[in-house]
Amino acid sequence: SLALWAAGALFGFGYGLLQTLLNAAAVINAPQSRRGAANATYYIAMDLGLGAGAACWGYVADWFGTRSIYLGAALLQAAAVLLFFVFQHMYGQFMDKIEK
């Protein structure tokens with residue numbers, strides 16, 4: 001029970017931090033006149049991703065078992081980190097705009 005509470009707290013902290021940083025990246029990189037649209041687009045994409053992701057992982061769990069979800073999620077996270085560094089190298093850091 002304590003491990004579940006600790007895992008939930010860590011997940012909530014990480015999710016809250018990541019959600020805030022990604023939203024800031026979307027809004028900061030948008031022109032001043034389009035920041036509201038960038039914020040709305042971010043939240044629409046997040047909602048669609050959460051809904052579609054839950055459905056897709058449900059199918060994966062049905063077909064391959066629940067253990068496959070952990071491997072699949074780990075592979076997706078590794079791909080996301082790799083893409084982050086590729087895009088960061090190609091387009092620069094979004095934090096550059098914060099410092100100016």
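Where is the place of Phe 87? Phe 87 sits in helix α3, helices here being DSSP runs of H or I with at least four residues, numbered from the N terminus. Before going further, note that this is a predicted model, in which local features need pLDDT of at least 70 and side-chain atom pairs count only at pLDDT 80 or more, while totals for chains, interfaces and linings use all residues. Residues are numbered from 1 along each chain as its sequence is written, and side-chain values use heavy atoms, with hydrogens and water left out.

Let's start with helix α1, residues 2-28. Gln 19, Asn 23 and Ala 25 are the buried residues of α1, buried meaning under 20% relative accessible area with a 1.4 Å probe, protein chains only. Their cover includes α2 (35-64).

Now turn to α2, whose buried residues, Ala 38, Tyr 42 and Met 46, pack against α1. After α2 comes Gly 65, with a positive phi near 95°. The backbone oxygen of Gly 65 lies 2.6 Å from a polar atom of the Ser 68 side chain.

Ser 68 brings us to α3, residues 67-91. Leaving aside residues up to four places away in sequence, Ser 68 touches Trp 57 and Val 60 (contact means heavy atoms within 4.5 Å). Further along, Phe 87 counts as partly exposed because its relative accessibility is 44%, between the 20% and 50% limits.

Key
Helix = DSSP H or I, 4+ residues; strand = E, 2+ residues; numbered from the N terminus. Polar contact = N/O pair within 3.5 Å; in protein donor to acceptor, adjacent residues only side chain to side chain. Expected span 1.5 Å × (residues − 1).
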